[in-house]
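Student: I would like to learn how to read a structural model feature by feature, taking the general idea before the particular case. Could we go through one together?

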Amino acid sequence: MDIDLLYAEVMQKLILENKIARVSQKLISSTKNDDRVQQVYDVLKGSKMFPKPMIVQKCAVKSTVYRNLGNKNFQNHNDYEAWQYYNLALLHAPVDSVDYIFALANRSAVFFDLKKYEECLNDIEQVSNMGYPERLKDKLLKRESSCKEALSKPLLIDEKNTDAIETMYSMKGSRNPSYSNSIEIYEIGTLALRTVIKARCEQPDWQSLFNIISEVEANLNTEYRGCTRVDDKWVYDSQSYATIHALVSNIEKRSVSDIFRKGVTAAVFLHILMKETEFLKDAKTGIVKRVGGLLLHHIMTVPTNMHGISVNTPTSEGKYVNDMSLGSAAYAFFSLLNHSCSPNVTRFSRFGTGNMKLIAIRPIKKGMQLFDNYGVHHATQDRESRQSTLNFQYKFVCTCEACVDNWPTYHNLGAAKNLPKLIAEKKKKILSPNAIEKLERGCKDIAMALYKPLCELITVLDNYAPCVELADCQESLKQCLGIYEGFLPFGFTKVIDWDVS
Ligand SMILES: [Zn+2]
């Protein structure tokens, strides 16, 4: 199902029938998202243009094929590939079937090999709840006790170090030397759909959700924006849907064609929810209409507010310089931060946790504002190109110091003027070619050793900003953080496609 293609077809049809002006006028005069989606829905319905979604049925045969591929890879010690094949076997296995049990049992063996003991125990527990197949029982019970034994032993030095560091500094990191903190946005529609479904599932009924929304919307222009009322107090709770609903959609800055395009996505999702799922079963017209509006609202909030989650992976030369995107998620608290092309914080997320923290990468004095980076950094892009990206995606004109003073990109930065010799030498000593090489290779020891001296250097060098010395230190600091975040081993980057044919 290709929504872009559908949009192009609808536009063509409207042009041919000379209806563009009328549809646009109606859309412009609407003030509510509910009405906007309703209008687009009527256009699609009138033209019988709703696409048929591809339905994928569970299938024991497919599950077995994937499980066998998993077994083959597991025997050849390709654990990460085996893991992915067993996931596919689970996806295709009919609910509560033996295929499902076998796929889980086999996956637990991969987890055991990878020393992922908790994951292994989870799989075994699920199998036991569904009833052990007799021929696997002994093996699984043995694996279970080995897991418990391994978990009772103290952590390896390696894991201990990283955890200790994280507690010490509560760190964040980004990884590659291209200042990439980029927020890669994809699957916008499905993220919006997921947000709406989750919002409803967290409430006992539709009315409870609508009550929360009314409360949030009444607070939009107050200091309690995004807050929830708890015992007569307004609190900002990152777990609450209120924070997500209050994210900006920039509706007033969007063109009518942009709204129409997003309306098409919302209308298609609404149609699928109505016709192919039980989500809107027995829902009255008013509720269906509001869900359409909610879908459109989130299709507009997602591109501006979602944060990419990525992980470091090594290249074939063993350099940990690649960003591998794992997905996107809403972190409402982080959406409160404004952007700077020379940010003073960076986000840190330990691989596999989904938790995000902020780490300072420039000195922050009491009362100073925190600035995140929305994907355009002064070191890699000139002012014109940054401003154009920010205006297109986030609808604002950046007035950060790098933009106001037109700071040069990295290659034109130049050395700091009047930098005391002692500081210049310290920087040279800390960031020796050998140290840089080790950082690129993901060496944890050097990351541990350099973190504190780099923080100290950055504090001093900030007085000389912008300069190449500061940029180098910040970048190395981010590399240290990237190493603490954890990375995928080489070979994992091979992602096996979900073949539904
Ligand atoms: Zn800027």
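Student: Into which domains is the protein divided, and what separates their centres?

Tutor: Bearing in mind that this is a predicted model, the protein is divided into domain 1, made of 1-32 + 53-153, and domain 2, made of 176-181 + 337-485. Taken over C-alpha atoms, the centres of domain 1 and domain 2 are 38 Å apart, while the C-alpha trace of the protein spans about 75 × 70 × 50 Å along its principal axes. The secondary structure comes to 20 helices and eight strands, and buried residues make up 47% of the 501 residues.

Student: Which residues coordinate the zinc ion, and how are the donor residues spaced in sequence?

Tutor: The zinc ion is coordinated at 2.3 Å by the SG atoms of Cys341, Cys398, Cys400 and Cys403, and in sequence these donor residues follow the spacing C-x56-C-x1-C-x2-C. Because Cys341 lies in the loop between β5 (338-339) and β6 (345-348), whereas Cys403 belongs to helix α16 (residues 401-404), the pair ties together parts that are 62 residues apart in sequence.

Student: Where does Asn312 lie, and which backbone oxygen atoms does its side chain reach?

Tutor: Asn312 lies in strand β3, which covers residues 306-313, and is buried, with a relative accessible area of 2%. A polar atom of the Asn312 side chain lies 3.0 Å from the backbone oxygen of Gly482, and the side chain of Asn312 also reaches the backbone oxygen of Gly486, at 3.3 Å.

Student: How many cavities of 30 Å³ or more does a search of the whole structure find, and which residues lie nearest the centre of the largest cavity?

Tutor: Rolling a probe the size of a water molecule over the atoms shows where empty space is left. Here the search of the whole structure finds two cavities of 30 Å³ or more, and the largest cavity has a volume of about 80 Å³. Its lining comprises 13 residues, of which His378, Trp407, Leu470, Ala471 and Gln474 lie nearest the centre.

Note on methods. Residues numbered from 1 in each chain as written. Heavy atoms only, no water. Donors = N, O, S within 2.8 Å, 3.2 Å for Na, K, Ca; no water. Helix = DSSP H or I, 4+ residues; strand = E, 2+ residues; numbered from the N terminus. Buried < 20%, exposed > 50% of the residue type's maximum accessible area, 1.4 Å probe, protein only. Polar contact = N/O pair within 3.5 Å; in protein donor to acceptor, adjacent residues only side chain to side chain. Domains from an automatic or database assignment. 1 Å grid on protein atoms, 1.4 Å probe; cavity = no way out; pocket = protein on both sides within 12 Å on 5 of 7 lines; lining within 4 Å. Points joined across faces, edges and corners; volume = space filled by probe spheres on them.
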